[in-house]
Structure formats: structure tokens, C-alpha cells
Amino acid sequence: MARSGAGNRREAVPKTPSCTGPSRRDLLGSAGAATVMAGAATMLSPAPTFAQAAPSAPVRPAPLQPFDMADVTLNDGPFLHAQRMTEAYLLRLQPDRMLHNFRVNAGLKPKAPVYGGWESEPTWAEINCHGHTLGHYLSACALAYRSTRDRRFKQRLDYIASELAACQKAAHSGLVCAFPDGPALVAAHINGEPITGVPWYTLHKIYAGLRDAALLADSREAREVLLRLADWGVVATRPLSDAQFEAMLTTEHGGMNEIYADLYAMTGKEEYRTLARRFSHKAVMEPLVAGKDLLDGMHANTQVPKIVGFQRVYEETGDDRYAKAADFFFRTVAHTRSFATGGHGDNEHFFAMADFESHVFSAKGSETCCQHNMLKLARLLFMQDPQADYADYYERTLYNGILASQDPDSGMATYFQGARPGYMKLYHTPEDSFWCCTGTGMENHVKYRDSIYFHDDRSLYVSLFVPSAVQWADKGARLEQATSFPDTPSTSLKWTLRAPVEIALHLRHPRWSRTATVRVNGREVLRSTAPGRFLEIARLWRDGDRVELTLDMMPGVESAPAAPDIVAFTYGPLVLAGALGRQGLDPGADIIVNERKYGDYNDEAVAVPVLAGDPRRLAEQVKPGDDPLEFTIPAEDGAPVRLIPYHRIAHERYATYWRVKPVTT
């Protein structure tokens with residue numbers, strides 16, 4: 001989300017790369033602080049129940065569709081473990097505590113005390129994000145229900161929707177909110193008055209949660225509440241001129257354009273599509289359409305949800321300008337502004353990559369919400385144009401950003417995942433934090449099924465190497481993927497078929513692998529030495545046919561052009577982190593309340609090993625350890641450093657980037 005220290009978070013495209021406006025982070029005060037990637041928000045795997053009135057204007061359908069998460073099985077492995085940890089956390093949370101302020105604003109008596117942190121504590125009062133957690137929670141429960149069919153999640157969704165319906169009835173308004181000043185904050189913002197906070201950003205989470213409950217869990221009550229809220233938004237913003245609307249959008253507003261594009265897709269109601277266009281921030285879009293990167297200094301996660309919305313507006317209007325903006329933004333951020341992990345930014349803001357050296361070692365790099373939202377964007381772009389580049393980025397960020405963000409023992413999640421050498425991951429508390437990344441963290445780990453497999457009428461794409469299976473009912477086919485990836489660079493697929501069927505199977509040859517070999521029933525049918533593409537195996541498949549894909553994984557090194565002596569080591573798509581132990585850490589020291597104090601917690605001086613020599617030669621000296629995905633690299637000043645995948649680092653200090661000392665002769 002975006003927060004700020006004091007005052008309203010306002011941010012438009014800078015006139016020059018050096019000028020920016022305040023953001024929600026600025027609203028939060030102190031150095032800065034996040035937004036969201038609702039995994040279901042991009043119409044993940046909509047329940048067919050809500051395939052409603054077709055849009056009247058021609059819409060360009062995506063060439064690929066995701067499989068319904070209900071048709072994908074996740075088998076044992078780190079992703080299933082992460083999902084189960086989040087499921088347990090969702091079931092421990094109490095809906096009535098999240099509903100507290102919604103009922104207060106509607107003149108109803110609360111049924112339970114409010115939660116702490118961003119939801120009620122004075123420390124965060126000025127950001128006015130009260131209620132955002134409920135929206136994320138709705139999305140997470142909808143995703144969990146779609147993935148597992150556990151009725152407990154459906155019951156919670158229906159209960160929350162019924163409570164919000166009661167609030168709408170009592171307040172005689174479609175608006176539901178939890179702001180301390182209630183609807184007055186929203187009204188002032190729409191009227192162009194000075195405010196503190198980011199009301200549309202927060203309301204976006206409620207819209208998105210209700211949408212996901214309707215589409216993924218077939219909650220009719222949620223749909224009715226959503227449409228009343230949507231109609232309220234249409235009426236409330238109708239008096240604004242285009243200039244007034246654009247001025248309003250200088251304050252962080254999440255993905256409101258995405259929401260109204262989704263609402264149009266659900267209903268065919270033209271005024272929703274019109275509002276999706278109006279909520280598309282032209283001051284940000286137009287430079288991107290022209291291929292201009294003016295992102296330096298801008299609040300990162302204020303922008304990413306807007307761009308997700310641009311892509312959705314393109315899909316619902318066919319206006320190529322929105323697609324150009326989305327694709328240019330993705331390529332700019334993914335390929336020129338990202339760290340080796342797929343994350344980006346320092347203290348929630350984009351920085352000039354010429355200043356990489358000044359930002360890379362920050363404790364406040366790689367905000368997890370930004371990774372969440374960049375994956376939403378990559379997924380949408382991949383479905384429109386199934387290039388391996390999008391899938392490669394998705395894989396890298398999924399492992400080194402999303403999977404890496406969860407405490408495997410408590411299920412709690414990170415805010416930043418900075419690269420300060422010797423620092424550690426810090427996780428939110430169960431009930432006293434509720435950061436933006438707490439909310440997206442609820443969603444991240446119950447939606448892994450949504451991006452493993454995709455299809456069109458004749459093809460099935462295997463985008464990720466994850467132990468799982470997919471059921472393709474229209475083809476009478478089931479494809480099961482057995483793999484221990486990334487422990488081993490291979491995967492095996494087996495068809496179970498009612499009858500022989502012609503399907504073009506597309507397997508990704510990642511850019512990180514020099515070669516790829518495909519065998520069908522033990523016989524080699526394809527060998528590729530051109531990484532960064534999908535390999536097509538089109539044939540008449542029969543029941544029991546097996547496919548094996550074998551790849552190469554080897555140590556590598558990455559650096560930014562402006563700082564070639566600062567490097568990260570990789571193994572395939574994985575970033576390898578130096579595991580530096582628990583010096584100065586008490587048990588539980590990495591569970592924290594205040595995300596603004598990243599860099600201050602556990603800040604004892606720690607000796608970090610020094611690596612010396614040519615970085616590429618150092619990569620060649622990375623040696624396998626005794627266990628899978630464990631390595632060592634020689635250090636100048638002592639024993640070799642133990643390297644393990646960054647996503648496996650927890651409860652200890654680490655280093656992902658190293659300033660390599662030159663060797664003098």
C-alpha cells in the first residue's frame with residue numbers, strides 16, 4: 001500500500017525525474033512504507049456462475065485462459081506448506097473484529113473489539129487505511145475456498161457480506177468504510193478538499209474482496225453488496241470534471257480502474273467501463289505510452305496497481321494505448337529497475353539506477369506488496385502474449401519474493417526484503433500489525449494454483465515447475481506434474497485420458513537454462529539450445545503417456561551496470577543468500593509491530609564475510625554442499641560462506657548482495 005507521514009499522499013508523474021509528490025508512504029511519516037497484489041483480482045479463475053451479460057462493445061479476449069483453481073491440485077512441497085500456513089492463519093482471525101469500525105460507521109453496535117496496528121492504533125491514524133485488512137481477508141478467503149473447497153472459508157465470506165449488507169441498509173448508502181471520520185473523509189476527497197489518507201486505496205481492497213467472494217466463491221450476498229458499492233462510486237464521482245477527477249488521482253488510489261473494468265466484465269454495464277477509464281491516471285499513462293521512463297523518485301506501489309488496471313482497461317476496451325503503457329512499464333521495471341530477486345525500490349520509491357550503489361544495501365528494499373502486484377501484471381501480460389519472458393520473471397519473483405516472504409514457522413509475512421548485509425527478514429505480528437503486506441500476504445500463499453497452467457482451445461501451457469495436477473474437463477484430460485524442482489532441474493508429466501486427444505503441450509525453456517531436453521515415453525523428441533521460449537510438443541496423446549523435461553542449473557552472477565562490483569549469486573532462477581547465523585538475535589526478535597522501524601530493529605553491528613576477486617570467477621568457485629541447494633563460496637577472511645536459496649532463509653542474518661573486493665597483484 002502506500003503510506004505517508006503526515007498529510008495526503010499525492011503523487012503524479014514528475015515533470016522531471018527529480019520531482020515527486022507525496023505518497024501514502026509520505027502520509028505515514030518517517031521514511032516510508034506499501035500496496036497490494038490481489039491474486040484473484042485479475043479475474044483469476046472466475047466461477048462460471050457469474051459469466052453474465054456480454055459487453056456490447058468488441059473486446060479482445062486473451063489468447064490464453066487460466067485454469068480454474070478448483071481444477072488444479074497442489075501436491076506436497078514448499079508451496080503447499082505455505083498455503084496451509086496461511087489457511088490456518090485465516091481461520092484464526094475473527095471477522096467481527098475486522099468488521100468493528102464498519103458497524104460503528106453504520107450506527108450499529110460492534111460485536112467484537114477492533115484489531116490493532118493499522119486498523120486502530122494512533123501511530124498509523126493519518127494514513128486512514130482502517131478497513132483495508134477486511135478487503136484483503138475477503139480476497140484471501142475466496143482464494144482459499146476456490147483452492148480447497150473448505151466450507152469454512154465460504155461461511156466466513158457469506159457472513160462478512162451479510163454484515164456489510166446490514167451496514168449498507170443501516171446507513172442508507174452503498175458505501176461501506178471503516179475510516180474514523182466515516183464517509184466524511186471520502187466526501188472531502190471527492191470534493192477536492194485537503195485530506196490525510198488514501199481513501200480510494202483502502203476502498204479498492206473492499207471492492208476487490210467482494211469481487212473475489214462473488215467470482216471465486218459464488219457469494220450472491222457479496223455480489224449484491226459489491227454492486228451497491230459500485231453504483232455508489234458511479235454516482236459519487238459523476239459530478240467531477242475530467243480535470244477534477246485527474247486531480248483526485250494524484251492521491252494513491254490502488255487499482256480502482258482494474259475494479260471497474262472487472263465490474264464491466266461481470267455485468268456489461270457501460271458506466272462501469274466509463275469509470276474504469278476515468279480512474280486511469282493519465283498523468284502516469286501518457287508518458288508510458290510515449291515510451292518515457294519518468295519513474296525516478298515515484299512511490300512504487302502507488303503506480304503498479306494503476307498499471308495492472310491499464311491492462312484490464314485495454315482488455316475491456318481494445319484501446320491499444322493502455323496496453324502500450326502496461327507493457328512499457330513492465331519491461332522497464334522488470335528488466336532495468338529490479339534486483340536479482342525480482343523486487344525493486346528503496347523505501348517504497350523507485351530510484352535512479354545510476355545510483356544503484358546508494359540504494360542496493362538498504363534495509364527497506366523490495367517491498368513485498370510491489371512484488372505481489374508486479375506478478376499480477378506479468379500474469380495478465382502473459383495471457384495476452386504467452387512469452388517465456390513474462391513467465392521467467394514470474395518464476396523468479398515467485399520464489400525470491402513471494403515464497404521468500406513467509407515465515408515458514410508462523411505463517412507471518414515480510415514488509416520489506418532488503419539487502420543490507422547481515423540484516424534479517426522481519427515479519428508482522430498476528431494481531432497487532434496489519435500492514436499492507438500483511439494483507440497481500442494473506443492472498444499470496446493461497447493462490448499458487450492460479451499460474452501453473454494455462455490453455456487455449458488446442459494448447460496447454462506448463463508455466464511453472466511445481467508438484468501439481470490439472471484437470472481439463474473439456475478434453476477429458478488430466479495432467480499430473482511430479483517434480484522436486486528446484487532441488488533437481490527436471491519435471492515429469494503424465495497424462496490420464498478418457499480417450500486419445502490432440503493437444504499441443506507447451507513447456508518452458510527458461511532463459512536461465514542453457515539447454516532443454518524433452519522425452520516422450522522415454523524417447524528424446526526435442527532438444528533446445530535456445531533458451532527463453534516455450535517448446536511445443538503437439539501430438540495425439542494417449543492414456544499413460546509420459547513427458548520428461550530436463551534443464552540445466554548452474555551458479556551465476558548478476559550486477560547492475562552502474563555498480564559491477566556489487567553482485568548477487570544465483571542458481572537457475574534462485575538467488576543464493578549467504579546464511580550468516582543468529583548473532584545477537586533472541587527468539588522471536590524478527591516478529592515486529594512497526595514496519596517503519598525496519599533497519600532499526602536488531603541493528604547490532606555484524607561481521608559480514610568479504611568476497612574478493614573477479615565476480616564471474618567467484619561464481620565458478622561456488623561448490624555444492626552435502627544437501628540439495630546448499631553451496632559454499634570462498635571468503636577472503638575466513639571459512640567459506642554457506643549459500644542457500646534466499647527463499648529458505650528464515651530467523652537468521654543473511655546477505656544477498658556482496659561488494660566484491662578487487663584482488664590486487
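Predicted model: local features only at pLDDT ≥ 70, side-chain atom pairs only at ≥ 80, totals over all residues.

Which residue in E20 is the bridge partner of Phe 631?

Guide: The bridge partner of Phe 631 in E20 is Leu 643. Phe 631 itself belongs to strand E19, which covers residues 631–635. Strand E20 takes in residues 638–645 and runs antiparallel to E19, with four bridges joining the two. Follow the chain from E19 to E20 and you pass through a hairpin of two residues.

Now look at the two faces of E19. Phe 631, Ile 633 and Ala 635 lie on the covered face, while Thr 632 and Pro 634 lie on the uncovered one.

Most residues other than glycine have a negative phi, and most peptide bonds are trans. With a relative accessible area of 5%, Leu 629 is below the 20% limit and so counts as buried.

Phe 434, in the loop between E3 and H19, has a positive phi near 55° and is not a glycine either. Its relative accessibility is 1%, so Phe 434 counts as buried. For a cis peptide bond, go to the link between Phe 485 and Pro 486, where omega is about 10°. Pro 486 is in the loop that runs from strand E7 (477–482) to strand E8 (490–497).

E7 and E8 belong to an open sheet of seven strands, with the order E2-E6-E7-E8-E13-E10-E11 and antiparallel pairing. E2 (72–74) and E11 (523–528) are the edge strands; each has a single partner strand, so one side of each is left without a neighbour in the sheet. From one strand to the next, the twist averages 15°. At the E11 end, strand E10 (residues 516–520) pairs with E11 over five bridges, in the antiparallel sense. Within that pairing, Arg 519 has Glu 524 in E11 as its bridge partner.

Helix H2 spans residues 78–92, and its 15 residues reach 22 Å from first C-alpha to last, close to the 21 Å expected at 1.5 Å a residue. Among its buried residues are Phe 79, Leu 80, Met 85, Tyr 89 and Leu 90. The cover over the buried residues of H2 includes E2, helix H5 (132–148), helix H6 (151–171) and helix H18 (388–402).

Two buried residues elsewhere show how the chain packs. Arg 103 lies in helix H4 (residues 100–105), and with 10% relative accessibility this arginine counts as buried. Its side chain makes a polar contact of 2.8 Å with the side chain of Glu 163. Leu 64, in the loop between helix H1 (24–28) and strand E1 (65–66), has 1% relative accessibility and so counts as buried. Between Leu 64 and Asp 457 there are 8.6 Å in space, C-alpha to C-alpha, although they are 393 residues apart in sequence. The residues that Leu 64 touches include Phe 382, Met 383, Phe 454 and Tyr 461.

In soluble globular proteins, nonpolar side chains tend to be buried together. The largest nonpolar core in this model has 177 residues, and Tyr 207, Tyr 260, Phe 329, Leu 460 and Trp 495 are those with the most contacts inside it. Helix H8 (residues 199–217) gives the most to this core, with eleven residues. As for Trp 495, its contacts include Leu 460, Ile 503, Leu 505, Trp 541 and Val 547.

Notes:
Residues numbered from 1 in each chain as written. Heavy atoms only, no water. Core = buried A, V, L, I, M, F, W, Y, C linked by side-chain atoms within 4.5 Å. Buried < 20%, exposed > 50% of the residue type's maximum accessible area, 1.4 Å probe, protein only. Contact = heavy atoms within 4.5 Å. Pairing = 2+ DSSP bridges. Axes fitted to C-alpha atoms, helices over the stretch in contact; angles between N-to-C directions. Expected span 1.5 Å × (residues − 1). Polar contact = N/O pair within 3.5 Å; in protein donor to acceptor, adjacent residues only side chain to side chain. Lists of a residue's contacts leave out its neighbours within four places in sequence.
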